[in-house]
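Please write a short report for someone meeting this structure for the first time.

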Amino acid sequence: MSSLSALREGYERFDPRAYLHNNYLPPRADFSSEEFVVPWKLRCLAETFATGEIHGRTLIDVGSGPTIYQLLSACDHFEEIVATDYLAVNREELRRWARGDPGTFDWSPFIQHVCKIEGRGEPWQEKERRLRARLRRILPIDVHRSEPLGAPLRPRADALLSAFCLEAVSPDRAAFARALAHVSSLLRPGGHAVLLGALGESFYLAGAARLPVVPLDEGDVRRALDGAGFVLRQFRSYAMPAALRTGVDDVDGVFFAHAQKPLEE
Ligand SMILES: C[S@@+](CC[C@H](N)C(=O)[O-])C[C@H]1O[C@@H](n2cnc3c(N)ncnc32)[C@H](O)[C@@H]1O
Ligand SMILES: O=[N+]([O-])c1ccc2c(c1)CN[C@@H](CO)C2
């Protein structure tokens, strides 16, 4: 069995609720201090989108999974958010949240925290309503295909966001770099890419699923962005403290990268 087909088989056992529990409840989703990883991620996103430099009609989120936290600052700057994931169970989780169905994951602590650090005194229900209104499409995607959506995105997106996807679905660094090049085709020239991901991670758990991850360091991320033709604008990293090493993965740290696709192709 090829490593890609082994990965695909692994994802058939991916449990969205377990994944959410492992990564988006305390101790990782502790909002009491910026030292915790979720506030750090939300601050990177809030500060980058607060510049106003990244805006336009469409932002595509690659490998959204069952999460929406990554879209909370972005959604103020785009008319349309396109979420994507490989698994129907994750797309369904997103649809249920977007519809406001009962029993979905409670993102309100995240929305309240983002409104607080954005400092505009915006009621969190307003932000929640805006994201739900702008989250217009939830599409299947496979980043290992040269056309990840199965057909070209026209017009191409003005911005691309991806969090913890590419390294979690690639068997090795070359596959990671290829996946990045594939998703770059969804982005217009001059468009911005905002990436969050795992550093030094080799596996993570999501219920019955144990997924392999290609361990990356900062250089791997920089080389892959360069190889895909991006100009790096910002790179930040976070070291996972012992208290947040809970056994659900072996992640060493988290990176945040903001890059831009040159205007001339
Ligand atoms: C670690 S989760 C990231 C979820 C979310 N973006 C976050 O920030 O937590 C990785 C996601 O990649 C998706 N995935 C798996 N194989 C994929 C593929 N070939 N192409 C795109 N996404 C894939 C999984 O379904 C899963 O939702
Ligand atoms: O600390 N975090 O906020 C956090 C969030 C999501 C994920 C991780 C860490 C590490 N594992 C990845 C899957 O490769 C998913």
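## Terms and model

A crossing is called left-handed if the near helix is turned anticlockwise from the far one by less than a right angle, and right-handed if clockwise. Helices (H or I, at least four residues) and strands (E, at least two) are DSSP runs, numbered from the N terminus.

This is a predicted model, where local features need pLDDT of at least 70, side-chain atom pairs count only at pLDDT 80 or more, and totals for chains, interfaces and linings use all residues. Residues are numbered from 1 along each chain as its sequence is written, chains are lettered from A and ligands numbered from 1 in the order in which they are written, and side-chain values use heavy atoms, with hydrogens and water left out.

## H7 against H8

The crossing of H7 and H8 is right-handed. H7 (173-184) packs against helix H8 (residues 218-227) at an angle of about 40°, with the axes 9 Å apart. Axes are lines fitted to C-alpha atoms, for helices over the stretch in contact, and angles run from 0 to 180 degrees between N-to-C directions. The two helices are therefore oblique to each other. Angles under 35 degrees count as roughly parallel, over 145 as roughly antiparallel, 65 to 115 as roughly perpendicular and the rest as oblique.

Contact means heavy atoms within 4.5 Å. Arg 173, Phe 176, Ala 177 and Leu 180 of H7 touch Asp 220, Ala 224 and Leu 225 of H8. By class, this contact of H7 with H8 has five nonpolar, no polar and two charged residues. Ala, Val, Leu, Ile, Met, Phe, Trp, Tyr, Cys and Pro count as nonpolar, Asp, Glu, Lys and Arg as charged, and the others, Gly among them, as polar.

## H5 and its partners

Helix H3 (residues 37-50) and helix H5 (residues 108-118) pack at about 50°, with axes 10 Å apart. That makes H3 oblique to H5. Their crossing is right-handed. Val 38, Pro 39, Leu 42, Arg 43 and Ala 46 in H3 meet Phe 110, His 113, Val 114, Ile 117 and Glu 118 in H5. The classes are seven nonpolar, one polar and two charged.

H5 also meets helix H6 (residues 124-134): the axes come within 9 Å and cross at roughly 110°. That makes H5 roughly perpendicular to H6. On the H6 side, Trp 124, Lys 127 and Glu 128 make the contact. The H5 residues include Ser 108, Ile 111 and Cys 115.

## Around the ligands

A residue is near a molecule if one of its heavy atoms lies within 4 Å of it. For ligand 1, 21 residues qualify, and Tyr 19, Tyr 24, Tyr 69, Asp 85 and Ala 163 come nearest. A polar contact is a pair of N or O atoms within 3.5 Å. An oxygen atom of ligand 1 is 2.7 Å from a side-chain N or O atom of Tyr 24. For Asp 85, the side-chain distance to a ligand 1 oxygen is 2.7 Å. Gly 63 uses a backbone N or O atom, 2.8 Å from a nitrogen of ligand 1.

Ligand 2 is surrounded by 13 residues; Tyr 19, Val 37, Lys 41, Glu 201 and Met 240 are the closest. A polar side-chain atom of Glu 201 lies 2.5 Å from an oxygen of ligand 2. For Lys 41, the corresponding distance is 3.2 Å.

## Backbone exceptions

Most residues other than glycine have a negative phi, and most peptide bonds are trans. The bond from Pro 26 to Pro 27 is cis, with omega near 5°. Another cis bond joins Arg 154 and Pro 155, with omega about -5°. Phe 164 has a positive phi of about 55°.

Terms used: A polar contact is a pair of N or O atoms within 3.5 Å; within protein, one must be able to donate a hydrogen and the other to accept it, and residues adjacent in sequence count only if both atoms are side-chain atoms.
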